[in-house]
Amino acid sequence: MMVITSNLLFRKVGTLCLRLYSAASPKITTHYTVCPRETDQRWKDISMERYEDVADVVIVGGGPAGLSAAIKLKKLATKNNKELRVCVVEKASEVGNHILSGAVVDPIALNELFPDWKDLGAPLTTPVKDDKFGYLTKSSRIPIPILPGMPMDNHGNYIVRLGHLVKWLGEQAESLGVEVYAGYPAAEVLYHDDGSVKGVATGDVGIAKDGSPKDSFERGMELHAKVTIFAEGCHGHLTKQLFKKFNLRENCAPQSYGIGLKEIWEVKPEHHSPGKVEHTVGWPLDKNTYGGSFIYHLNESTPLVAVGFVVGLDYSNPYLSPFREFQRFKHHPHVQPLFEDGKRIAYGARALNEGGFQSIPKLSFPGGALIGCTAGFLNVPKIKGTHYAMKSGMLVAESTFDTIFNTSITSETVGLEPKDYEEKVKSSWIWSDLKEVRNVRPSFHTKLGLFGGMAYSGFTLAVKGKEPWTLSHGVPDNEKLKTKTEVSVIEYPKPDGKISFDILSSVALTGTNHEGDQPAHLTLLDDSVPVNTNLNLYDGPEGRFCPAGVYEYVPAEDGTGDRLQINAQNCIHCKTCDIKDPTQNINWVVPEPGGGPAYNGM
């Protein structure tokens, strides 16, 4: 069977790819999604047949949402004496290895999915005992009270290492009969002739860096299903295609994003206070840049503290570096003493949704549905999304199960659509929670910035979001970046190697790894845009918004100026480049199986 890639969006640049083979600078993009194999003579005699397998439900992504959906489906099947084959494909080599979050978790969804989770050994061992919030100036901290019922009130919640919780969920799923395939990234959406989703294809292996087939080339496999559930996390690369094909964002605002950076430290015992949670806003960010910090004290055998910093990706200054803002934050006089004489043992970063209620797309389509962070379920003022992800997975499972087994439900397409899933979400606390806080995040967009946002947030939270209007996030984050001539350069202090660090030594702690001889999975629709536009107009923001040193401008071989170099092996799969690139020329796709970070409980 000859299978042609479904990503037709990039065919129009195929001729450009051929032309660039003879360019003076090294060719940047060689990935088949931009440079089609059909026009490449090196692929002429290569077999493109793929093995096919069929399940009832295929779930793309083994995070909290995807695994909760799988678990709920198998529980429903057991309860109703039905045979149901459920497969989860996860791009990380081990379940949990690509998960990164703060995280303080509300156990409401876990209580529903596993009422006996404590007896089952779920890794929630640090109940929140102390909750603090403050505003930082350059040299001081002003406390802000947290009243019961406020979004940041964490009474009853748990500090967790989310990767460990996800690993545990994976173990529970497998014990129920879910087939979990870690190290199998979904690379392509498959469609029936009627346009409904048929399933996914996993990534090919054995492709050289120049885009040619190696002797070891093997096609991925096709997984077909009655229903395919997408749980890719924030800004999934297949979900982006589904948005366009099914026009799922027709009636919602563009998604708005942030980038969260995180480290885990082993601190001195006298500085450690298990169960303590602290958040701050203010310094080092200016009043017009949304963001803040978190510090969570874990209850483990060693005195561990998770520290992180979030920056809204709607910032305007191309010289801003979220990574360096994070490093600078740790030197605040209120913060630095916690880490003195400590040891940093882990680092990572991940994009997160901040659009909230306004940015929720249509949730189902012929052949499938969107859940979790893929759908944008994150409560910004609460700084939480895990319980929404899990609940959405459980709701889609209920709808999917009914769609498959209820004989009174008819389908106009081969791929089944769990149509009542969206109504289930709208009738749940996911919808009411997000609606109540919908105006908090966009209220920071006025000229008053942080101060106006905090004042308005107090109002909207007091009236529980019942004001009869909904504020807008405005244009997408990438369009908010100003040119280099409109802003001032931001000067950052050099890292001291004790409290603050450089990017490369940080990336070394992520365990990230990619096969070197493969096409870069950070693809460019046009190789000329980085220099002609991003460098000339924005002074190369890629090297600053990327938290892993993937992008750098180096002297061109012909001596005519600079060219962009992509160090794809550094990528930690945060998706920030795909979001913040001002020209939207970068398209993140999955690398070969097994690539990416190897986080341990991040």
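Modeller: Five cavities of 30 Å³ or more are present in the structure. A cavity here is a set of points, on a 1 Å grid over the protein atoms alone, where a 1.4 Å probe fits but cannot get out. Grid points are joined across faces, edges and corners, and the volume is the space filled by probe spheres set on the points. The second largest cavity has a volume of about 80 Å³. It is lined by 13 residues, of which Cys-546, Val-550, Cys-571, Cys-574 and Cys-577 are the closest to its centre; a lining residue has an atom within 4 Å of a point.

This is a predicted model, in which local features need pLDDT of at least 70 and side-chain atom pairs count only at pLDDT 80 or more, while totals for chains, interfaces and linings use all residues. Residues are numbered from 1 along each chain as its sequence is written, and side-chain values use heavy atoms, with hydrogens and water left out.

Lys-91 belongs to the loop between β3 (86–90) and β4 (104–105). Strands (E, at least two residues) and helices (H or I, at least four) are DSSP runs numbered from the N terminus. Although buried, Lys-91 has no salt bridge, and Glu-90, the nearest side chain of opposite charge, is 5.6 Å away. Buried means under 20% relative accessible area, exposed over 50%, and partly exposed in between, with a 1.4 Å probe and protein chains only. A salt bridge requires a side-chain nitrogen of Lys or Arg within 4 Å of a carboxyl oxygen of Asp or Glu. For charge, Lys and Arg count as positive and Asp and Glu as negative, whereas His and the chain ends are not counted.

The side chain of Lys-91 does make polar contacts with two histidine side chains, those of His-98 at 2.8 Å and His-573 at 2.8 Å. A polar contact is a pair of N or O atoms within 3.5 Å; within protein, one must be able to donate a hydrogen and the other to accept it, and residues adjacent in sequence count only if both atoms are side-chain atoms. Beyond four places in sequence, Lys-91 is also in contact with residues including Tyr-184, Pro-185, Trp-588 and Val-590, contact meaning heavy atoms within 4.5 Å.

The loop between β3 and β4 also holds Ala-103, which a cis peptide bond joins to Gly-102, with omega about -10°. Another cis peptide bond, with omega about 10°, links Trp-283 and Pro-284; Pro-284 sits in the loop between β17 (276–282) and β18 (291–297).

Two residues other than glycine have positive phi. Asn-81, with phi about 55°, is in the loop between α2 (64–79) and β3. Asn-81 counts as exposed because its relative accessibility is 72%. Gln-584, whose phi is near 55°, is found in the loop between α15 (576–580) and β26 (586–588). Its relative accessible area is 33%, so Gln-584 is partly exposed.

Tyr-553 lies in strand β24 (residues 551–555). Its side chain makes a polar contact of 2.9 Å with the side chain of Glu-542, and one of its side-chain polar atoms lies 3.0 Å from the backbone oxygen of Pro-530. Not counting residues up to four places away in sequence, Tyr-553 also touches, among others, Val-531, Leu-535, Asp-562 and Leu-564.

Notes:
1 Å grid on protein atoms, 1.4 Å probe; cavity = no way out; pocket = protein on both sides within 12 Å on 5 of 7 lines; lining within 4 Å.
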